[in-house]
Amino acid sequence: MKIKTTLTMLTLALAGTFTTAATKAETHESTDNKTPIALVIHGGAGTITRANLTAEQEAAYHAKLEEALQAGYAVLEHGGSSTDAVIHAIQVMEDSPLFNAGKGAVYTWDGEHELDASIMNGETGNAGAVAGVKTVKSPIELARTVMDKSVHVMLSGDGAAQFAQQQGLALVDNSYFDTEHRYQQLIKAKQTIRKSEQPEQQAWRYLDLDYKYGTVGAVALDQSGNLSAGTSTGGMTAKRYGRIGDSPIIGAGTWADNSSCGVSATGHGEYFIRYHVAADICSRVKYQNQTVQEAGDAVIHGILEQAGGTGGVIIMDAQGHIATPFNTEGMYRGYIRNGKVHTAIYKDED
């Protein structure tokens, strides 16, 4: 009897030891699994078809998108923050004349450039935005500086430029943003607008989609599991009266929340503002438990499309799931996850 009791106790003790060891092994394995880092970007949506782009132009867009992805992903790989990754990725596109942001910004009716940008941190909920800036080389950097170094969320015009100067950001003459192809777009846009019934107010009704918008943006997930999203734009061709679209408006063009997702939008800004597109998508993820794809489709192909709005978004949640829904013919976009890069332009490339 004593022998049986002793054997039973020994068996239980060994089982407990193995169970504890197994539990420790599982715990150790889970703590060793790093949060998946990922980055998704866009370079604007619109009437983008194979008939409108040459092979050389396609290659140039793919190359620049990959360059932006690699710049942002390098930050994430070295343990950098999602905010830094967003800035690095967007600045590559701001410095390129291919996109309507920074160097490639479109012209206003008066022949100048007015730039907008915003950024949001998904961990803290902090955000920064700038609107109508004319002499700041990197609007997205200024938006980040507003977020980090000021008590405000949005600064505009001359005040934003003054703040940028005080903070030591790079300033340029407005002509720095000049490009010949954007100038030719302005001339054509003016010719079209002058034929309209109300040229002062209704320019957007008479212009093709490509005149109405063009934006760059990024959403990143870092090793700490934090999301950040940012957007930068030159606005609408031939815009007047200091018009501001959705890009600098938190909740419309940009949103990030670790408990739901991060979004950057590109499209006809007036609609994205009215339907607070970026925040709505993340609310659906947060409160209705929709996937990023389901939420994006419901807003872009449902609510926005039914209202007459056009454009697209990039979305990522805190697990690194990505969606890029758009209701235009094309959207410059790409993502990098697990070190693998994917870039796309047309609808059939995902």
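1. Buried means under 20% relative accessible area. That cut-off applies throughout this note on a predicted model. Phe99 and Tyr332 are both buried by this criterion. Tyr332 has a relative accessibility of 9% and therefore falls in the buried class; Tyr61, at 11%, counts as buried too.

2. Aromatic pairs. The whole structure contains five of them. Tyr61 and Tyr332 make a stacked pair, because their ring centres are 4.1 Å apart and their planes meet at 10°. Tyr61 belongs to helix α2 (residues 55-77) and Tyr332 to strand β11 (residues 330-337), so this pair ties together parts that are 271 residues apart in sequence.

3. Which arrangement do the rings of Phe99 and Tyr332 adopt? The pair is edge-to-face, because the planes stand at 85°, with the centres 6.3 Å apart. Distant parts of the chain are linked here as well: Phe99 is in the loop between α3 (82-94) and β2 (115-121), 233 residues from Tyr332 in strand β11. Through ring pairs, Tyr61, Phe99 and Tyr332 form a cluster.

4. In soluble globular proteins, nonpolar side chains tend to be buried together. The largest nonpolar core in the model has 47 residues, and Leu39, Ile41, Leu142 and Tyr332 have the most contacts inside it. Another core, of 18 residues, lies apart from it and includes Ile300, Leu304, Ile315 and Ala323.

5. Surroundings of Ile41. Beyond its neighbours within four places in sequence, Ile41 is in contact with several residues, among them Leu65, Ala68 and Leu69. Its contacts also include Ala89, Met93, Gly217, Ala218 and Ile314. Tyr332, Arg333 and Gly334 are on the list of contacts of Ile41 as well.

6. Strand β5. Is this strand (residues 215-221) largely enclosed or open? Seven of its seven residues are buried, so β5 is largely enclosed by the rest of the structure. Both faces are covered: one side carries Thr215, Gly217, Val219 and Leu221, the other Val216, Ala218 and Ala220, all buried.

7. Strand partners of β5. Strand β1 (residues 38-46) pairs with β5 in the antiparallel sense over five bridges, and Leu39 stands opposite Ala220 of β5. Leu39 is also one of the residues with the most contacts inside the largest nonpolar core. Antiparallel pairing joins β5 to β6 over seven bridges; Val219 has Ala229 in β6 as its bridge partner. The strands β5 and β6 form a hairpin with five residues between them, and Gly225 in the turn has a positive phi of about 85°.

8. Charges over rings. The charged end of Arg240 sits over the ring of Trp109, 3.6 Å from its centre. In a second case, the charged end of Arg274 sits over the ring of Tyr271, at 5.2 Å from the ring centre.

9. Two loop residues. Thr108 is found in the loop between α3 and β2. With a relative accessible area of 4%, Thr108 is buried. Not counting residues up to four places away in sequence, Thr108 touches Glu114, Leu186, Ala238 and Lys239. Tyr241 is placed in the loop between β6 (227-233) and β7 (254-256), and its relative accessible area of 63% makes it exposed. The C-alpha atoms of Tyr241 and Asp110 are 10.0 Å apart in space, while the two residues are 131 residues apart in sequence.

Definitions and conventions:
Residues are numbered from 1 along each chain as its sequence is written. This is a predicted model: local features need pLDDT of at least 70, side-chain atom pairs count only at pLDDT 80 or more; totals for chains, interfaces and linings use all residues. Side-chain values use heavy atoms; hydrogens and water are left out. A nonpolar core is a set of buried Ala, Val, Leu, Ile, Met, Phe, Trp, Tyr and Cys residues joined through side-chain atoms within 4.5 Å. Buried means under 20% relative accessible area, exposed over 50%, partly exposed in between (1.4 Å probe, protein chains only). Contact means heavy atoms within 4.5 Å. Rings of Phe, Tyr and Trp (its six-membered ring) pair if their centres lie within 6.5 Å; planes under 30 degrees apart count as stacked, over 60 as edge-to-face and the rest as tilted. Helices (H or I, at least four residues) and strands (E, at least two) are DSSP runs, numbered from the N terminus. A charge sits over a ring if NZ of Lys or CZ of Arg is within 6 Å of the ring centre and within 35 degrees of the ring normal. Two strands pair if DSSP finds at least two bridges between them.
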